[in-house]
Amino acid sequence: MLKGKHIILGISGGIAAYKSVMLLRLLIKAGAEVQVVITPSGKEFITPVTLSALSGKPVVSEFFTANTGEWHSHVDLGLWADAMVIAPATANTIAKMANGVADNMLVTTYLSAKAPVFVAPAMDLDMMAHPSTKRNIELLRSYGNHIIEPAEGELASHLVGKGRMEEPENIVKVLDGFFDRKEDLAGKKVLITAGPTYEKIDPVRFIGNYSTGKMGYALAREAAGRGAEVTLVSGPVSLTINHPSINVRHVESAKEMLAECESHFPESDIAIMCAAVADYAPAHPVDKKIKREGSDAPVIELVKNPDIARTLGLSKRDGQILVGFALETDNESINAQAKLKSKNLDMIVLNSLRDKGAGFGTDTNKVTIYMADGRELRFDTKSKDDVAGDIIDTIASL
Ligand code: CTP
């Protein structure tokens with residue numbers, strides 16, 4: 001429900017700024033009180049007169065009004081807001097937000113905002129795909145900001161690809177959904193595993209896998225955003241997360257992951273096993289680097305790793321919910337349901353490597369959830385954040 005909510009609409013300088021007018025209209029129509037903050041280059045794309053007429057408030061752009069000296073307090077604005085939405089967020093503004101470059105009113109307001117922040121990127125596809133933009137967006141995510149993923153389509157450059165700002169109707173839906181949602185995990189303790197495990201061969205080599213941890217980290221943010229106290233047991237990943245209700249425990253091997261899980265599971269209400277745990281580890285890891293010269297190609301003997309999900313499943317108490325993942329390449333449904341039973345899970349989330357946009361490293365996922373009570377829930381391809389929302393909704397329904 002947006003009625004009566006105080007929303008800061010931040011507009012930066014991109015062609016998509018024209019869509020912000022429609023977004024503003026929709027927010028006002030939904031009953032929100034909107035304060036527009038625009039960057040100097042944003043004003044090159046859209047006039048403040050249109051924005052102030054629609055919002056019923058003077059548009060804020062400078063730190064003070066030149067002729068009267070009236071100071072515009074970004075701190076007061078940050079405290080006033082129930083949410084801030086930055087649409088469009090250009091590559092430049094995203095970079096400034098990610099790095100705290102506070103040289104305009106929009107970024108200073110962002111840095112002062114206590115409320116949740118929603119960022120709707122809009123830029124050309126190559127800018128969107130650049131490693132620096134990707135890293136900056138990941139940083140914003142790690143600060144707890146909500147990224148409203150851009151859509152694919154024709155861009156202002158006439159190139160076709162990812163970078164088109166999400167449509168205003170959908171941005172309003174995201175905000176609406178946010179204010180509508182309950183703190184349905186308040187008071188719950190949630191244990192989540194994420195990322196790969198590395199199994200040591202020698203001091204410089206390991207056995208690992210392609211997992212990036214994105215799905216597990218998205219689940220941790222979603223659960224914490226809904227009021228849970230989260231312990232995130234993470235294998236080696238390049239992601240960061242920074243949330244007062246998320247306690248990150250960094251581990252490397254399956255054995256270390258198991259030890260953390262065993263120490264946190266007894267007090268957990270919910271455990272979500274999202275990690276891609278290596279099934280095997282070298283039987284005899286060595287302390288000195290294995291040399292090439294003067295030796296035959298080594299044969300590495302492997303031993304089975306502990307099955308963490310199964311171990312927790314064996315000690316599960318009444319009322320505890322245990323959720324597993326299955327990443328399959330064939331016989332997907334049968335394999336997933338077999339794991340649901342053998343690991344004593346309450347539900348299992350299947351993603352198939354055969355589905356486009358699912359699996360390791362992607363920003364999207366396509367899942368089917370099998371429940372212990374026999375239900376089967378199918379979902380479309382969505383961003384991993386949205387998939388996390390669906391998974392947590394399903395857990396909350398239990
Ligand atoms: N899992 C685990 N510990 C392991 C292996 C898997 O906790 N040693 C968990 C995963 O986190 C996931 C579920 O079990 O939630 C299924 O993982 P998956 O690798 O698909 O299944 P495996 O049991 O390892 O079976 P296989 O690799 O033969 O498909």
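**View 1. T47 caps the start of helix α3.** A side-chain oxygen of T47 lies 3.0 Å from the backbone nitrogen of V49. That is a polar contact (a pair of N or O atoms within 3.5 Å; within protein, one must be able to donate a hydrogen and the other to accept it, and residues adjacent in sequence count only if both atoms are side-chain atoms). Helix α3 covers residues 48-55. G56 follows α3, and its phi is positive, near 75°. Helices (H or I, at least four residues) and strands (E, at least two) are DSSP runs, numbered from the N terminus.

The model is predicted: local features need pLDDT of at least 70, side-chain atom pairs count only at pLDDT 80 or more, and totals for chains, interfaces and linings use all residues. Residues are numbered from 1 along each chain as its sequence is written, and side-chain values use heavy atoms, with hydrogens and water left out.

**View 2. Eight strands form an open sheet with mixed pairing.** The order is β12-β11-β8-β13-β16-β17-β19-β20. Two strands pair if DSSP finds at least two bridges between them. At the edges are β12 (246-250) and β20 (376-378), each pairing on one side only. Neighbouring strands are turned by 15° against each other on average, direction ignored. Axes are lines fitted to C-alpha atoms, for helices over the stretch in contact, and angles run from 0 to 180 degrees between N-to-C directions.

**View 3. Strands β19 and β20 pair in the antiparallel sense.** β19 spans residues 368-371, and the pairing has 3 bridges. T368 stands opposite R378 in β20.

**View 4. Helix α13 packs on the sheet.** Residues 332-342 make up α13. This helix touches β16 (321-328), β17 (347-352) and β19. Contact means heavy atoms within 4.5 Å. The direction of α13 makes about 155° with that of β17.

**View 5. C261 and C274 form no disulfide.** A disulfide is a pair of cysteine sulfur atoms within 2.5 Å. The whole structure has 0 of them. The sulfur of C261 is 12 Å from that of C274, its closest cysteine sulfur, so the gap is too far for a bond. C261 is buried, with a relative accessible area of 0%. C274 is buried too, at 13%. Buried means under 20% relative accessible area, exposed over 50%, partly exposed in between (1.4 Å probe, protein chains only).
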